[in-house]
Amino acid sequence: MTISKPSTRRQFMSALLAAPAVMAAPRLALAREPEVFAANGYAIGGIDPVAYFTKSAPVAGSNAHRLMWRGATWRFETADNAARFEADPTAFAPLFGGYCAYAASLGYLAPTRPEAWTVYQNRLYLNANLRARELWLQDVPGNIAKGLANWPAVLG
């Protein structure tokens, strides 16, 4: 009884010669993540970004006061907050697109929770959870520098 080999020498040589062509073929482009993290269809999950500065708290926005910016829908508690944001969105939008600032400092993306936030030097930063916020707060300037070095390349 003879046992046949799964591939012949000819198949092996063909595969060996084809390898450079396969490696030279263009790679499939992976989808880039959105510039702004949007939970439930809204940036910051529908929380008013201006309220972090005016009320020092996450406050739910309203469908009556919303606008589009950088591909995401932003909601606001009041028309005044919407107008303030529209006049200078980068003053109120969280850095790192609303993704976890601590994760960005480590070179990856993570979703965020509106309750895990920090305003530092008039910029809003969000974190994935309260533990990530604790780690973030251990070296805010250093974590910002690391996050900026990784941003926006971590989007893909």
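The legends below describe several close-up views of a predicted model of one protein chain.

**Basis of the views.** Residues are numbered from 1 along each chain as its sequence is written, and side-chain values use heavy atoms, with hydrogens and water left out. Because the model is predicted, local features need pLDDT of at least 70 and side-chain atom pairs count only at pLDDT 80 or more, whereas totals for chains, interfaces and linings use all residues.

**View 1. The overall chain and its order of elements.** The protein chain has seven helices and six strands, where helices (H or I, at least four residues) and strands (E, at least two) are DSSP runs numbered from the N terminus. Along the sequence these elements follow the pattern α-β-β-α-β-β-α-α-α-β-β-α-α. Of the 156 residues, 37% count as buried; buried means under 20% relative accessible area, exposed over 50% and partly exposed in between, with a 1.4 Å probe and protein chains only. Contact means heavy atoms within 4.5 Å, and among contacts between residues at least 6 apart in sequence, 55% join residues at least 24 apart.

View 2. Rings of Phe, Tyr and Trp (its six-membered ring) pair if their centres lie within 6.5 Å, with planes under 30 degrees apart counted as stacked, over 60 as edge-to-face and the rest as tilted. By this rule there are eleven aromatic pairs. In one of them, the rings of F76 and F85 have centres 5.1 Å apart and planes at 50°, so the pair is tilted. F76 is buried, with a relative accessible area of 0%, and F85 also counts as buried at 0% relative accessibility. Elsewhere, ring pairs link F37, F96, Y99, Y125, W136 and W151 into a cluster. The charged end of R75 sits over the ring of Y42, 4.8 Å from its centre; a charge sits over a ring if NZ of Lys or CZ of Arg is within 6 Å of the ring centre and within 35 degrees of the ring normal.

**View 3. The crossing of helices α6 and α7.** The axes of helix α6 (residues 130-137) and helix α7 (residues 140-150) come within 7 Å and cross at roughly 100°, the axes being lines fitted to C-alpha atoms, for helices over the stretch in contact, with angles that run from 0 to 180 degrees between N-to-C directions. The two helices, α6 and α7, are therefore roughly perpendicular to each other, a term that covers angles of 65 to 115 degrees. L135, W136 and L137 of α6 make the contact with V140, N143 and I144 of α7.

**View 4. S105 and its partners.** S105 lies in helix α5 (residues 101-106) and counts as buried at 6% relative accessibility. Not counting residues up to four places away in sequence, S105 touches N143, K146, G147 and N150.

View 5. R32 is found in the loop between α1 (9-24) and β1 (38-39). R32 and V154 are 122 residues apart in sequence and 9.0 Å apart in space, C-alpha to C-alpha. Leaving aside neighbours within four places in sequence, R32 is in contact with P152, L155 and G156. P152 lies in the segment after α7, and a cis peptide bond with omega of about 0° joins W151 and P152.

**View 6. The loop between β5 and β6.** Q121 is found in the loop between β5 (113-120) and β6 (123-127), and N122 is found in the loop between β5 and β6 as well. Q121 has a positive phi of about 50° although it is not a glycine, and phi of N122, also a residue other than glycine, is positive and near 60°. Q121 is exposed, with a relative accessible area of 66%, and N122 counts as exposed at 62% relative accessibility.

Note on methods. Angles under 35 degrees count as roughly parallel, over 145 as roughly antiparallel, 65 to 115 as roughly perpendicular and the rest as oblique.
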